[in-house]
Amino acid sequence: MKAATLAQLAVAGGRTDKVRMTFTAVSSAPAAVVLLAAAAVVAVPELGTEQDGSDILNEVYSNSLLREPGLRPGVVFTLLMLAVPVLFLAGQSIRFGSPARDRRLAAMRLAGATPGQAVRIAAAETAAAALLGSIVGTGAFLLLRVLLHRRPADGRLPLPTDVLPSALAFTGVLVLVPVLAALIGAFLLRRVIITPLGVVRRVRSQSPRLWPGVLILVGVFAPLVIRPLGAFLARLDDTAGGDLALVVAFVGVLLAVAGVIIGTGWIAYTAGRLLHRFGRRPAMLLAGRNLMADPWNGSRTLSALLAALVVGAGVLAYRAYMVTHFAVTNEALARREDIVAESDQESFFRNAVDLVRIAVVVGALVAAAGIMVALAESIVARRRTYAGLIAAGVPRGVLGASIAWQTLAPLVPAVLVALTVGVSLLRAVVPAEATGRGGATCSGGPSDCYPGSPSWVEHPVVTRAVPVPLDDLLVLGGGAVAVMLLVVGVGLLLLRRSTDLDELRVA
Amino acid sequence: MTALLQGTGLQRSYGPTPALRGIDLEIGAGEIVAVTGPSGCGKSTLLHCLAGILRADAGEVRYRDQDLGLLSEASRSRLRRTEFGVLFQFGQLVPELTAAENVALPLLLAGSGRREARKAATLWLGRFGVGDLADQLPGKMSGGQQQRCAVARALVTEPKVLFADEPTGALDVLTGEQVLTEIVHIARQQGTSVLLVTHDAQVAAYADREIALRDGVVDHSGLGLGIGS
Amino acid sequence: MSTSHLLLGLLSVGPQHGYDLKRAHDTRLPQAKPLAFGQVYATLGRLERDGLVEQAGQDRDGGPDRTTYAITDAGREKLGEWLAAIEPPAPYVNSVLFAKVVVSLLASGTTAATDYLVAQRTAHTTRMRELTAIKTTRDSTAGDVVAADYAIAHLDADLRWLQATLLRITDLHREVIT
């Protein structure tokens, strides 16, 4: 197949294909921006000479991550890592085949195209859309460079807006984004078989194993067991027992995290079974059976969402600990009538936590977009059944409700479990209470300063239990559910479009 | 015989292509009517219009003196699942539901309890000789067994009109014959009207009367088949 | 197909007299044209003359004397030959329908031919519906169904031909009148 033919066949799509191409382009653009940002960091000049090594700080920047040569490779690596899920999202949209594209690809197979050629045609469409996205992304990067180039009073730049990535880097990004998106897309199509008679989505049909479920239960109940166990072990052997309890706690919670991430299929299957068993309404019956029939649908992206939530919950719990820690320290100092000011340590901590929170939100959004693609795919794959049901008088509302149940029934418990596991992961390793030492002050000369002398004042130790940050967890979990509701909404729009009665006419 | 379902001056196009170009027809209570004609003559579109699945561009469809064109989508949905039954060539069972659940679905939608719906579903599957498959998924059944389940689902609500579009198109001769015979029996027993769309004269012969379409109109050379009898 | 082969076949299960043979024929071959008694006896006479059947006895059952016939070895051989022989698949197009259409085009033109075809189609469809009704009756036997199937298939073939000929009638007319 000649390149020109391939290009022509790749972009021959209709209106729904434009939606998918837009989606691919929109998710490729940020990938290009992130990769160019990494290239910009690479372009920050190394001031070190052969003799001096590369230890000289680049004082142009206010941010220590950019200033210190030793930290810059880490920044580049992080940015590259951040680009991976975004690229995956761009590639994933290939699976969301419109009925028209499925028919077109099937017709090409019928006309003599090999399976490989059909996959290449689909992947070429992704590449074309991703190229468009990376061009837009490059434009956005150049625009952002200009907009963010502000020199504050101290003359130090917050971002490397003074250097431009090399021409090689620009070309590389323009080429790399479409190629990677297409490769990922072709890889993700491996479960989709394009036959001359239609497009078949292979469904992993074996029901999920039980063990991830056991791991999850361990994770949920671990916090209840760990502390009494620790106390028991501590009574046996004071130091080793405490360490052992810590190890046990850490391993247990780690297993639970693994359970949540590997066990999405089990969660979906179990949610389906419960819906089917206890659901009274037809929508619940449909949703339950769908979940039981294909619990793996979207499980990869659901895992990503849950992983983001576990990390997010852990960070929130850590933040709660640190906040309490600073509070009690300040309180202890206040009792000593010292002046309380926000320490450097505290502001550094806030910045770090905020960065991680942004990463969690971005990760969760990317994962939610992935779930949307998976949901769209499953709706499109079932479109003929849906059209038949609507013709038989099943109201669209019932089908919509079944899609909502199908998405939310596994999600809500999974979110709760992920949050619980995230919090218990942290609480297993950091203390449950924060202690601020008041220390002692001495008003006399050095000779008067010993514990018990009249000028020696012992300040009280302030201890406070670290609260579970319920408000923040509610915002995080609620946010995840809200984003998923949005995903369901998009699914319902798609349902409306996919249940055209034309589906009944095409045999 | 007073008409139970009546279409007058029905027209419908897909884009610039006209599928129906003014069709009149009546179906009496308990009557089995075949609509025949070559592929592309508009017979499926006619069925979709009469069943209230599609709205006609012009003309009107009356069911028991009710104008379907004036009903909302929700009311037409309700009508389709209570008064009408629909049956297509294939692909109408929900693959994830068992046979009994598929058949019970219309009853559940109508508000029946699960146990009650399940009982009725098993009964109807039994009537069509697939009672022992109640807990099977459609994917594990043969085409004929699936179509029997589909017929059971179309008839479980004891509809007044059954719309069947090439109901035996995907079946072998003998299985198709059994399915048709069962449909005719149930229809006679319950006084159900049947609109049978087919391109096959042998299938059409199960009807009391035949209406031949050609290019979106009632075929004049076939008029003798449409009137009288 | 000849009546003699049919009677030989019916006698192959055991000796029977003429009345039984007629009844067996009418039940085994439902929907076929019923056999007349005269034809049964005439055929039996011919078969006896050729040595294919023989008289096996007389019985008097309150009524007139009735002769029972049995198949001979020669008769069995003859029956075997007939059953094994392949019927030539439609060697000649020898249909009244076809002849009528051509003659009607010659004599009266397309309108008359079309009218005939439409009327014939209606008659065929009606007959097909009657036969289908026999099939869907609950007490119909397998023999009834198979017989109806045979007729329906032939009517269906005729119907397809009628339909196609309706579409080709002008072409045929042009050819016939030149």
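Biologist: Is helix 1 of chain B mostly covered or mostly open, and how many of its residues are buried?
Modeller: Mostly covered: 8 of its 8 residues are buried, meaning 20 or more other C-beta atoms, placed from the backbone, lie within 10 Å of a residue's own. Helices here are DSSP runs of H or I, at least four residues, and strands are E runs of at least two, numbered from the N terminus. It's a predicted model, so local features need pLDDT of at least 70 and side-chain atom pairs 80 or more, while totals for chains, interfaces and linings use all residues. Residues count from 1 along each chain as written, with chains lettered from A and ligands numbered from 1 in written order.
Biologist: Which residues are buried in helix 1 of chain B?
Modeller: Among them are B:Lys43, B:His48 and B:Cys49.
Biologist: Switching topic, how many residues of chain B are in contact with chain A?
Modeller: 23 residues of chain B, against 20 residues of chain A; contact means C-beta atoms, placed from the backbone, within 7 Å.
Biologist: Which element gives the largest share of chain B's side?
Modeller: Helix 2 of chain B, with 5 residues. Helix 1, strand 6 and helix 3 of chain B also supply at least two residues each.
Biologist: What about chain C, which domains does it have?
Modeller: The domain assignment gives domain 1 (3–84) and domain 2 (96–177), with bounds from an automatic or database assignment. Their centres, taken over C-alpha atoms, are 35 Å apart.

Terms used:
Two residues are in contact if their C-beta atoms, placed from the backbone, lie within 7 Å. A residue is buried if 20 or more other C-beta atoms lie within 10 Å of its own, exposed if 12 or fewer, and partly exposed in between; C-beta atoms are placed from the backbone.
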